[in-house]
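Subject: Structure handover

Hi there,

I am passing this structure on to you, with a few notes on what turned up in it. Please have a look at it first, then read on below.

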Amino acid sequence: MAADYAEPPPKDAPDKGRVDVTYPDAINGEEEAHLPIRKARVSDVQELLELVNGFAARNLMLPRGPQYIFENIRDYAVIVDDMAGDRIVACGSLHVLWGDMAEIRSMAIHPDYQKRGLGRRIVDYLKEEAKQLAVKRLFTFTLSEEFFARLGFTPKLRDELPPKVWGECSRCPKYFKCDEVGMVLEI
C-alpha cells in the first residue's frame, strides 16, 4: 500500500488565473443534432492537441503531448460539428485511477462554441461511461469551479482527496504552485 501514496502539493497555492464564466443548461435540439458526441479516434489526435494546448498556452489547463493523447485516446470523448467537416469543437477524458474512482481531464470547448452547454454534455457522457465501468466517484482538478459545481461536484480540500490522486499530481508541472481546485462527485 505504501507505494500507492504520494504527498499532496502545498496548500498555499495562488488563485491567479481562475476563470469565472456562466454556463447554460442545454443547447437547442437543432444544434445538438449537428453537434454529435462520440468516442475519440486516433485520427482525432492532431485536433485534440490543438484544442487542448490552445487552452494550456493560456494557463487554463495542462498541456498534452501527442504520445499522451495516443496512449490515452480511449479515455477521450469529442463533440464534432458535422456542418463544419466534422471539426472537433469540444473534448474531455475519463481517466480511471483505481477501482472506485476516475478523473475528468482535458475538458476543452472551442471558443466559438462556448456557452452552448457542450461542457455539460461532455461531463454527462463521461459520467455515464463511468457508471458503466462501475466507478463510484469522479473527481477533477479545475480552474472552472463554478462550472463543475453546477454539475454537482463538491470542492474538496487537498487533505480530503484520496491519496491515489497524488501519484498523478507528483508528475504535474504545477505540483508546487497548483492553482486548481479539487472537486468530487459521488455517482
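Predicted model: local features only at pLDDT ≥ 70, side-chain atom pairs only at ≥ 80, totals over all residues.

Residues are numbered from 1 along each chain as its sequence is written, and side-chain values use heavy atoms, with hydrogens and water left out.

Now to the rings. The structure has 3 aromatic pairs; rings of Phe, Tyr and Trp (its six-membered ring) pair if their centres lie within 6.5 Å, and planes under 30 degrees apart count as stacked, over 60 as edge-to-face and the rest as tilted. One of them joins Phe147 and Phe148 edge-to-face, at 4.9 Å centre to centre with 80 degrees between the planes. Phe148 also pairs with Phe153: their centres are 5.2 Å apart and their planes at 80 degrees, so this pair is edge-to-face. Phe153 counts as buried because its relative accessibility is 3%. Together, Phe147, Phe148 and Phe153 make up one aromatic cluster.

Elsewhere, Val181 lies in strand β7 (residues 181-186); strands are DSSP runs (E, at least two residues), numbered from the N terminus. With 14% relative accessibility, Val181 is buried. Its C-alpha is 6.4 Å from that of Leu143, although Val181 and Leu143 are 38 residues apart in sequence.

Happy browsing!

Definitions and conventions:
Helix = DSSP H or I, 4+ residues; strand = E, 2+ residues; numbered from the N terminus. Buried < 20%, exposed > 50% of the residue type's maximum accessible area, 1.4 Å probe, protein only.
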